[in-house]
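Subject: Handing over the structure

Hello,

Here is the structure I promised to pass on to you.

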Amino acid sequence: MSCTASARLLLRSGSRLLSQKPFFSNSDVLARTFCAGRIICSTSAAAIPAVTGIRGPYEGASAITGEADNLVNVSKVLVVGSGALSIGQAGEFDYSGSQAIKALQEASKKSILINPNIATNQTSHALADEIYYLPVTPEYITYVLERERPDGILLTFGGQTALNVGVQLEKMGVFERYGVKVLGTPIATLETSEDRDLFAKALKEIDIPIAESIAVSTVDDALAAAEEVGYPIIVRSAYALGGLGSGFANDAAELHNLASQSLSLSPQILVEKSLKGWKEVEYEVVRDSKNNCITVCNMENFDPLGIHTGDSIVVAPSQTLSDEEYHMLRSAAIKIIRHLGVVGECNVQYALQPDGLDYRVIEVNARLSRSSALASKATGYPLAYTAAKIALGHTLPNLPNHVTKTTSANFEPSLDYIVTKIPRWDLAKFQHVKRDIGSSMKSVGEVMAIGRTFEESIQKAIRQVDPSFIGFQGAEFEDLDAALANPSDRRWLAVGQALLHEKYSVDQVHDLTKIDKWFLHKLMNIVRMQKELEKIGSLFGLNKELLSQAKKLGFSDKQISIAVGSTEEEVRARRKSFGIVPFVKKIDTLAAEFPADTNYLYTTYNATQSDITFDEHGTLVLGSGVYRIGSSVEFDWCAVSTARALRDSGKKTIMINYNPETVSTDFDEVDRLYFEELSYERVLDIYELESAKGVVVSVGGQLPQNIALKLQTSGCKVLGTNPEDIDKAEDRHKFSTILDSIGVDQPAWKELSSVASAKEFCGSVGYPVLVRPSYVLSGAAMAVIRGEHELIEKLTLASDVSPDHPVVISKFIEGAQEIDVDAVAYNGKVLVHAVSEHVEDAGIHSGDATLVLPPVNLDAAALARFKDIADKVAAAWKISGPFNMQIIKAVNSENPDGYDLKVIECNLRASRSFPFVSKVLGVNFIDVATRALIGKNVPEPVDLMAEKREYVAVKVPQFSFTRLAGADPFLGVEMASTGEVACFGHDLIEAYWTSMQATMNFKLPVPPSGILFGGDVTKPSLAEVAKKLAPLGFKIFVASPAVREYLDEALSDVSLDGMPIPVTIIEFPKTDKRKLREVFQKYDIQSVFNLAKARADNLLDEDYIMRRNAIDFAIPLFNEPKTAVLFAECLKEKLPTKREGVIPPEVERWSKWIGGKPV
């Protein structure tokens, strides 16, 4: 029996040995002899001498000759970033890009970064030498190449965005013209891996099976191809990210619609036979220029094929593969990466027959990907760093592994633990969205949990997805069988419901889901323990053995307390009285074969001792956890900046986070890294084990804030603002009372517990009102209500209003301007503050708003009033650390020339705009905040807003509506954006013009193309837009007589070349997407301005169809009045002055804009 097979048998019987691989991985069965410090391996005729701490070579790994590497001769390298975070391309590229820049730093190469994502860690001078906040487009990259003249470029660390733009630049001859070397994987290889036809041909050359497929570029060809291949089929897009534009079709009608949409997003699609129900397996492979080749990690999807890997639960290492299957796929991966000529890192995805040895290659990503980040964090192997070193010419045998410190990079990790990744979706935030998941990715983030058993690992991961989940659990479904058979974002809950509450057998669940029975049997171990705990039914029935066994299966104290009818604190006390505490283990990628030396840690109950001594007494920094709408990479920047500032001040640092996409979970950012839950239980465990000196809760968003008071009550020293004061800001009543006492205004509000009292309050303050239910049954939590009928509908259909679930209603002030104030205080005194104005009126969530800094519409008197409010709030709450306020500036009803300032929200923590204000003003607010938190080297107060600046920066949101089929792209009080970009300019127009072009896949509309108008004809905004754009030569189209009549009147005094501007009504088929696409093509519609008054209440609403199809056809959509008018002004001013070959004024180094490199 092979060592892999024996390891798997041990694992299936619940053993701690989880290594899927043999320690000496090889695709062939090799004779291995161990003798006197030598490793003899039959990959070649000659024996290969061992190198201390380095394993034997692997299939295809060259002998370690000790020869010097032939390094690439470059001195200045342009790193292409990925731009805004979006569904399918998120924080993993901040991590991989940051690692690449660190590798360049280490090699003394000058790094130039182009990336407009101002929230990232990589866009700071601590890493890159120079940074350009500009669109990642061929045009702007060419400008930077002209300005900087680098001799090398890295394209594989910026996701699909960087890869696509690199291929375009190569075709344009730009690299040859400027003498720029493409480092790492050659462009030809990138093209082969991305062009589905070339890819299919390349793999056929080496007899690697792929799904039968035909590449097409028209809808008719797609239909013909499907007849040849046979239904059901899957459509895949070339040069697309995260399965964008892909999907399944069971017949010609479904394919017609799918192909129409896919071809609007990509020039080529692949029609291939569907292998739904097969296993999906991934291998991460590394190859250097000397043909050394290793597989770093293999991962298995919990879900069968048919769900995009980004939307799948993923387990590493694979658990259900036989030794033969594992090596068959490993050999194929190495064969593929060599044949394609990848230099660096590569991801190979397979479909594997569940009951045989048949397999198909699904795709190859010849770049760093989301899976690469997961594999790096799962194994401790720094893939991005290693890939960057390989790109510079280093070879694997001569590269040290910086995480383990005991091996070269030419080794394959073996794991004695299991990693589980679960995606995070936020589909409930969107109206009309389809909640099914399939071949196109919809998740906004992911978590990674580490355990010694699958049960421990998956239960940790479930809790990490959202604090409302206690572990493996169920939920109510109208049709449970349908929920099991049809994958959605809630399918794991359906599996829980079936096994925990509905008495389904493993076979029944397998038949409906095709999830491997091995996983389901493991979940049944959790079910049996849950039943046993419920049967005991009391705290004192819990004996030491049962409690220990529950903890080994991943049960939390809270989960146990609910099962036995106790409290979390009581279970914790009983557990500790038995001496049951978690052990801390290092990420041992050597599976105990060599000593591991790493600061990369996790906790487990499946152990007998800890791997470390607790003598550092560091300061805990709580990270942001999973990326989700409302909390993203900006909080990772805050956490990393805090850790760096603490280290600079001589403090030992301990990071707790479980997000594999982050820089904060990079091995070299802190003294100790715990890849762990951010729960009260786990944070307190680590605090007590480490005897920590304090904990920072104010830089990781809302998650750490929620447990701050409980931690303090349990004896933790919370640094900065007292959690009791934090509670006074979180509690609406206490917050309001304090504002009243310090003379700071706020909109009228009331907490109500019945529909009748809500109607009475709304009648007294007048509509519109903002409603915040505390218990939501469906749909978005907050809404602006404009009348009594709408109020009753909201409070009866969408939520439960009662004394147990009160609703907060506040007066909504229309037409008010919203302002963000970000600040840092020490002992109640403001040290620094920033005032950013929103372009949009109040009513658009601040996370979806366009921010302008320095503000262009606020005078010195207004700025002084904002500072006064910040000073009063800081003093009243005795703030030490970061805080943020949202304030509205509204016309005073009694004095139209005056205005009122009303505070609508206050968070006593860092906000999502902290990176933006820090990088625009040239002062790191988090660095200042950290000094305030520890009370050391606290700077004197300075009024940054009093300084005059010769530039403006604009932060704009990045939406991912393309991914969210059916979702209405209408903005409101619930946040919808997934990311942001920011660019600098000499004025507002220049900065906004550049920022909009920096959003993902933005295509600049140019005359004489068509513009489609729709929306509210009672307001002047549509008319303002038309008046600015019609004289430029754009054709004006509408879908209804009412809008034509409105625009005819608006354009009556506007002409082009002395001729009146025609407004044309176009045909607008509401139910036939194919015909509508043809209409858009017929009239060459390149942008849509739809400024509707309210969100659509049905799917046949004309404005909804116009908005939704602009998204589906990849056409720029402007759906908010103020930004629509501003962009029209940009087109009016910038299009006539655009000159080919002339570098525009916005192309400047960040260091030049802010006058140095202070951040």
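This is a predicted model: local features need pLDDT of at least 70, side-chain atom pairs count only at pLDDT 80 or more; totals for chains, interfaces and linings use all residues.

Residues are numbered from 1 along each chain as its sequence is written, and side-chain values use heavy atoms, with hydrogens and water left out.

Let's begin with helix H17, residues 517-536. (Helices are DSSP runs of H or I with at least four residues, strands are runs of E with at least two, and both are numbered from the N terminus.) H17 spans 29 Å from first to last C-alpha, close to the expected 28 Å; the expected span is 1.5 Å times one less than the number of residues. At its start, a side-chain oxygen of Asp 516 comes to within 2.8 Å of the backbone nitrogen of Trp 518. Trp 518 is also one of the buried residues of H17, which include Phe 519, Ile 526 and Leu 533; buried means under 20% relative accessible area, with a 1.4 Å probe and protein chains only. After the helix comes Gly 537, with a positive phi near 70°.

The whole structure holds 14 cavities of 30 Å³ or more. A cavity here is a set of points, on a 1 Å grid over the protein atoms alone, where a 1.4 Å probe fits but cannot get out; lining residues have an atom within 4 Å of a point.

Finally, the strands. Five of them form an open sheet in the order S40-S37-S36-S41-S42, with parallel pairing; two strands pair if DSSP finds at least two bridges between them. S40 and S42 stand at the edges with a single partner each, so one side of each has no neighbour in the sheet. For S42, two bridges join it to S41, and Leu 1117 is the bridge partner of Val 1088.

Elsewhere, strand S28 (residues 807-811) has four of its five residues buried. S28 runs antiparallel to S25, with four bridges, and antiparallel to S26, with five. Val 808 in S28 stands opposite Glu 751 and is the bridge partner of Arg 772.

Enjoy exploring!

Technical notes
Buried means under 20% relative accessible area, exposed over 50%, partly exposed in between (1.4 Å probe, protein chains only). A polar contact is a pair of N or O atoms within 3.5 Å; within protein, one must be able to donate a hydrogen and the other to accept it, and residues adjacent in sequence count only if both atoms are side-chain atoms. On a 1 Å grid over the protein atoms alone, a cavity is a set of points where a 1.4 Å probe fits but cannot get out, and a pocket is an open set with protein on both sides within 12 Å along at least five of seven lines; lining residues have an atom within 4 Å of a point. Grid points are joined across faces, edges and corners, and a volume is the space filled by probe spheres set on the points.
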